[in-house]
Amino acid sequence: MTRVVEVPASFDDKSFDQFAQSFASGDPAQRALFDARGAQWASPYGLVGMLTAGQVLKEQRRERPLFTVPSSDDVRRYWARTGFFRYAAEFFEIHGKVPRTKVEDDADYLLPVTPVRASEDVHAVVGAIQERAARMLTGELGLEAKATIGFAMALSEACQNIVEHAGTGGWVAVHAYTFRKRLGRRVVVIAVSDGGVGFSHSLESTQARRFGDRWGDAAALEAAVIQGVSRFRDPGRGQGLAGIKRYLTRWNGKLSIRSGTARIAIVPPWDDDVPMSEDLPFFPGSQLQVVIPAQTEIDG
Amino acid sequence: MILTIMVERVLRETVQVPYRDLVTRSTGAAVRTGIERAIAEGGCATTLLDFSEVGLLDFSCADEVVAKLLLRTQTEDDRYVVLSGLREEHFEAIDHVLNHHQIAVLAKVEAEAAPRALGRLAPELQDALAAAQQLETGDAESLADAIGWTVEHAADALQSLALLRLLCADQGHFRRIPLT
């Protein structure tokens, strides 16, 4: 018997809960089949989310899940060029034709799907992205040159959360695309995902008592993102997320972090997301997304 | 005597990555350890940390390299740390982490006569520091004269600046941190 995990046709942070619901349903002992045949598009958030699901099943020593590739040639080619299939093959038994495309430079993504397991990976990610980020942020998004540095800092801090807190490896990808429905502008999106312990478990020993009955995924996200606390007693900790928030405030960007069954967002005026969502379908670890929009005259 | 430490060189020697970026806490901790070792071996009162060859500096690394180094040297008499070769984005990261710890440091900036304070420094302490740097040496009385404060007020400010290691102070007298 297999249980089917539906990959949304348009897979981004909005449809992630649908994916998480499908992933969490059914008997976990049954072999999973990730059905991406109907996929038309996936944001970096969707791509790293699928790899996280595969990694979680592997770490749980479940039977190697099946993965049916998108029916669309274009979608398959795009996913191949982002590096998704290169890593998916580690976790899934892939069914369908995967294009033999090189993971190549492309105007639409700044960083292909990249594993983050250790500090050296963060160095490599930051080292690889700076020149391309400068071209994209200043040339295409109209941000000032100094935005590039802040962008690389935000990326570094986001990736470090995996190394410091997840207890396992994770994934990062950075793409640019047009937010047609929500914004009507080009955006750069950083997506970072891991299948590790999540915020609640990470902070439980130092924060749970303070929150009492309220303790859970939402309270843990609130403690980390709003109050800047960390599981470490070192008073210098917690500055990474604070730095990301500061950068996004300046460039009118959005931060959202999902962990377990909750999701917190620092919402800019151009978006109508809610600051906190609770009782979501459970998904392991943490998923972070940063969105930086093209600047307009209104943004200054 | 002044010890100049090229931070990028310490990065290359301690972490052995082919990048000039100071990112991640573990990298920062390793670099700080290298700097602390060099300071201990150098035996100089003033250490100039030169960031001119450093690429990106993220918040976590700024916290490990600069904030923690300052917090440790604050407990040692007659040890001063001054930064140099900073770019605008370095200023931002360092200022952010020092504010978090409520500490400050002096940074030499090209084309500025006196070093600039980064981090948490109340406006009136900034005024006192600027006046004291202009006087170069003196005591509470000369500082009070220079900025029109009472001697007690000036003495309090000098004590705070000395505790933050932004001025050298000894038996009621102060002097600028020697940088040459």
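At what angle do helix H1 (residues 7-15) of chain B and helix H2 (residues 25-42) of chain B pack? The tour starts with that pair, after a note on conventions.

The model is predicted: local features need pLDDT of at least 70, side-chain atom pairs count only at pLDDT 80 or more, and totals for chains, interfaces and linings use all residues. Residues are numbered from 1 along each chain as its sequence is written, while chains are lettered from A and ligands numbered from 1 in the order in which they are written.

**Stop 1: H1 and H2 of chain B**

Select residues 7-15 and 25-42 of chain B. These helices pack at an angle of about 110°, with their axes 9 Å apart. Helices (H or I, at least four residues) and strands (E, at least two) are DSSP runs, numbered from the N terminus. Axes are lines fitted to C-alpha atoms, for helices over the stretch in contact, and angles run from 0 to 180 degrees between N-to-C directions. H1(B) is therefore roughly perpendicular to H2(B); angles under 35 degrees count as roughly parallel, over 145 as roughly antiparallel, 65 to 115 as roughly perpendicular and the rest as oblique.

Next, display B:Val7, B:Val10, B:Leu11, B:Glu13, B:Thr14 and B:Val15 of H1(B), which meet B:Thr27, B:Ala30, B:Val31, B:Gly34 and B:Ile35 of H2(B). Two residues are in contact if their C-beta atoms, placed from the backbone, lie within 7 Å. The residues of this contact divide into seven nonpolar, three polar and one charged. Here Ala, Val, Leu, Ile, Met, Phe, Trp, Tyr, Cys and Pro count as nonpolar, Asp, Glu, Lys and Arg as charged, and the others, Gly among them, as polar.

**Stop 2: B:Val65**

Move to B:Val65, which lies in helix H3 of chain B. This residue is buried, with 30 other C-beta atoms within 10 Å. A residue is buried if 20 or more other C-beta atoms lie within 10 Å of its own, exposed if 12 or fewer, and partly exposed in between, with C-beta atoms placed from the backbone. Leaving aside residues up to four places away in sequence, B:Val65 touches B:Leu22, B:Gly28, B:Val31 and B:Arg32.

**Stop 3: H4 of chain B**

Select residues 88-101 of chain B. Helix H4 has 14 residues and reaches 20 Å from its first C-alpha to its last, close to the 20 Å expected at 1.5 Å a residue; the expected span is 1.5 Å times one less than the number of residues. Its buried residues include B:His90, B:Glu92, B:Asp95 and B:His96. What covers the buried residues of H4(B) includes H6 and H9 of chain A, together with helix H3 (59-73), strand S4 (104-107) and strand S5 (116-119) of chain B. Just after the helix, B:Gln102 takes a positive phi of about 60°.

**Stop 4: H5 and H7 of chain B**

Now select residues 123-135 and 151-163 of chain B. The axes of H5(B) and H7(B) come within 10 Å and cross at roughly 90°, which means that H5(B) is roughly perpendicular to H7(B). On H5(B), show B:Glu124, B:Leu125, B:Ala128, B:Leu129 and B:Ala132; on H7(B), show B:Ala154, B:Ala157, B:Ser160 and B:Leu161. This contact has seven nonpolar, one polar and one charged residues.

**Stop 5: where chain A touches chain B**

Show both chains. The contact takes 21 residues from chain A and 22 residues from chain B. On the side of chain A, the elements that give two or more residues are helix H5 (119-140), helix H6 (146-166) and helix H9 (239-250). H6(A) supplies the largest share of that side, nine residues. By class, the side of chain A has seven nonpolar, ten polar and four charged residues.

**Stop 6: chain A**

Buried residues make up 52% of its 300 residues. Its C-alpha trace spans about 50 × 50 × 35 Å along the principal axes.

Within chain A, select A:Gly83, in the loop between helix H3 (73-81) and helix H4 (84-91). A:Gly83 is buried, with 23 other C-beta atoms within 10 Å. The C-alpha atoms of A:Gly83 and A:Ser193, 110 residues apart along the chain, are separated by 15 Å.
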